[in-house]
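The following paragraphs lead through one protein structure, from a single residue to the overall fold and on to selected local features. Please keep the sequence and the model in view while reading.

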Amino acid sequence: MDILTVIVFSVLVPTTEAGIEAFVGSEDIQAQLQANYKNLTALRTIPAPPWVEAPSFRGTTDILYSCIITLIACIYTALHLNIPAPKSNLVWQKVKWVFAALIAPEIVLYCASSQWIMARNLKKNLRRLRNTQLDADGHSKIPDDISMKYAFFVVMGGLLVRVDDIHDEREFVALTLNGVLQLAVDGHFPSIPQSKIDDRSKADFVQKVLVIIQVLWMATQCLARLLYKLPLSLIEIHTIVHVLCALVMFLFWIKKPLDVREAEILDTSNFRDLLGLMVQEQLYTEEADSIVIYNPTSSKDILSTGSRAPVTWVEFAENAHSTYVRGGEALRCGFGPTRRRDDFNYGLLVTRKGAVRWERAASAIHKIDYKDHDGDRFHRAAGTPRYEDSFYHNSLSTYSGNLPAHSESLSHLRGVFLFLLNELLLLFLLLLLPIAYGGIHLSAWNFDFPTPIEKFLWKIACFDIMGAVFVGFIFMLVLHATTHMGDEYGHMFWKTLASFISVLYGIVGLPFVAVYVISRIYIVVESFASLRAVPIGIYLMPSWVQMIPHV
């Protein structure tokens, strides 16, 4: 009998002649119920004692129910997803990410940590710019209360700019962190009141409190089992791992707005020329490679040989949606395609929106360079941004996902690898988290499994999870090094080795990833399946644990 229960009983329950004997354990009640479970008269007339303690055992459904509720509630509450794409369902997005977190929680934790790092860097860089962006009265154009909440709002795609007047397909694009920094440098910091961000956030304090209570109960009952030297089930170990990941996720995302469905549409009237340059640089890169900039008062064109020829100025025909501008021709803004000696018919089809984009980009370039251009190429080399030291080429995002790949340059494996080499903290987390995840599950090394083969597969899956990401990183490091050596020195040995490694990756890469995914799934499935054969002590539960409020 628990001392706390006796004290509560003595205060709340009147004593009888039998005194403390009025307190009856759950086992006594269970025995009477089993003896009279078919006797409705007895069930209605036999008096129950004034206090019955909680049962000191649990069933399989109790274990499953508490673990599943804790898993889903904890993960669902901790998830702070980015603003979804138009016509996307945020709830469905969260459901998919809950399943992803159930299989690989450290991937979601990695996303949370990377977003926190990006938000922190944005906040730090904006504060550094405050003293350089002053108005006529000497006041900074950047407020001094830049918060992590604002930075997270930018990271999650919260600032949209309308581009349907200069882009042929898209209506809106989001400003990236680089875009916000570039506008701040140019004196057009995109400010948004924190009250607007708070209005869009759906943070629920009561929901979080309930989940915290459930998590504390789960942690307490697992700790109690260890103190009483009672066995733990695999599903409870699995749940604790996910709970720890969810708590760390929540700490990274604690300042991030929750369940925001709509972004803020910015007024671009003060920087529409810069926006035109950004759209041209980033969303029409190949077109920009072929553009030559002329002085509208000039009548000369530059050939691929460097010689000069007359320029023909092109006007849109009345009611025409587009016009074809050939090499040697240009619109009045000064933009036109380069002339090619090998193809005299080469040109660009320019829509009216494209013409507006060209005009604004030309105006922005003129303001930035402070000079007239006469035959300069938009890009001095194909694929090379005009302003490499600025962010005009990497200021916008059409990506609305949650993985840390807000830049199109991270859409391929090599881009992700190079990104991680420049973000050592993220690289450290990427390598450490799978080791921690597999290592904690490997603590069940001496547990009793239903069959020896299941125990063996559990160990194999844990080792695979712990080592797969590290092996993949080493593989990519060697591939990057050999490719760099081949490009740098042109030695055939390095080029051949890089080609061999690339072919090897193509052969073993897919099976390697498949085995890794299977290991992930096996850990989850076996955590549940192992309940079919566990020690009897799994079902013994200290009664005082049951008294703690929980679901």
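**From a loop residue to the fold**

Lys-229 is exposed, with a relative accessible area of 77%, a value that falls in the exposed class because that class begins over 50%. The model in which this residue is seen is a predicted one. Lys-229 is located in the loop between helix H10 (205–227) and H11. Its backbone is also of interest: although Lys-229 is not a glycine, its phi is positive, at about 55 degrees. Most residues other than glycine have a negative phi.

A second residue with a positive phi of about 55 degrees, and likewise not a glycine, is Asp-259. Asp-259 belongs to the loop between H11 and strand S5 (264–265). Is Asp-259 buried or exposed? With 13% relative accessibility, Asp-259 counts as buried, since the limit for that class is under 20%.

The overall figures give a setting for these residues. The protein has 551 residues, and 45% of them are buried. Its secondary structure consists of 19 helices and 15 strands. The accessible surface amounts to about 28800 Å², and carbon and sulfur atoms account for 62% of that surface. Where contacts join residues at least 6 apart in sequence, 73% of these contacts link residues at least 24 apart.

Glu-236 is one of the residues in helix H11, and it counts as buried because its relative accessibility is 1%. Leaving aside residues up to four places away in sequence, Glu-236 touches Arg-58, Cys-67, Gln-221, Cys-222 and Arg-225.

Helix H11 (residues 234–252) also meets helix H18 (residues 492–529): their axes come within 7 Å and cross at roughly 135 degrees. H11 and H18 are therefore oblique to each other. On the H11 side, the contact is formed by Leu-234, Ile-235 and His-238, and on the H18 side by Ile-523, Val-524, Glu-526, Ser-527 and Phe-528. By class, the residues of this contact between H11 and H18 comprise 5 nonpolar, 2 polar and 1 charged.

Another helix pair can be described in the same terms. The axes of helix H6 (residues 105–129) and helix H8 (residues 177–185) come within 10 Å, with a crossing angle of roughly 5 degrees. H6 and H8 are therefore roughly parallel to each other, the limit for this description being under 35 degrees. Met-118, Ala-119, Leu-122, Asn-125, Leu-126 and Leu-129 in H6 are in contact with Leu-177, Val-180, Leu-181, Ala-184 and Val-185 in H8. The residues of this contact of H6 with H8 divide into 10 nonpolar and 1 polar, with no charged residue.

Aromatic rings provide a further view of the packing. A pair of aromatic rings is described by the distance of the centres and the angle of the planes. How many aromatic pairs does the structure hold? There are 7 aromatic pairs. In the pair of Phe-335 and Phe-378, the ring centres are 5.7 Å apart and the planes stand at 90 degrees, so the pair is edge-to-face. Phe-335 lies in strand S12, whereas Phe-378 lies in the loop between strand S14 (376–377) and strand S15 (396–397), so the pair ties together parts that are 43 residues apart in sequence. Phe-335 and Phe-378 are both buried. Ring pairs also bring in Trp-358, linking Phe-335, Trp-358 and Phe-378 into a cluster.

Phe-335 has a further neighbour in Ala-362, which touches Cys-333 and Phe-335 when residues up to four places away in sequence are not counted. Ala-362 is situated in helix H14 (residues 352–369) and is buried, with a relative accessible area of 12%. Between Ala-362 and Tyr-294, which are 68 residues apart in sequence, the C-alpha to C-alpha distance is 9.5 Å.

Two partly exposed residues complete the description. Arg-339 is found in the loop between strand S12 (335–337) and strand S13 (347–351), and it counts as partly exposed because its relative accessibility is 21%. Val-478, placed in helix H17 (residues 452–489), is partly exposed, with a relative accessible area of 37%. Val-478 and Leu-497 are 19 residues apart along the chain, and their C-alpha atoms are separated by 9.7 Å.

Definitions and conventions
Residues numbered from 1 in each chain as written. Predicted model: local features only at pLDDT ≥ 70, side-chain atom pairs only at ≥ 80, totals over all residues. Heavy atoms only, no water. Axes fitted to C-alpha atoms, helices over the stretch in contact; angles between N-to-C directions. Helix = DSSP H or I, 4+ residues; strand = E, 2+ residues; numbered from the N terminus. Parallel < 35°, antiparallel > 145°, perpendicular 65-115°, else oblique. Contact = heavy atoms within 4.5 Å. Nonpolar A, V, L, I, M, F, W, Y, C, P; charged D, E, K, R; others polar. Buried < 20%, exposed > 50% of the residue type's maximum accessible area, 1.4 Å probe, protein only. Areas by Shrake-Rupley, 256 points an atom, 1.4 Å probe, with all protein chains shown as cover. Phe/Tyr/Trp six-rings, centres within 6.5 Å; stacked < 30°, edge-to-face > 60°.
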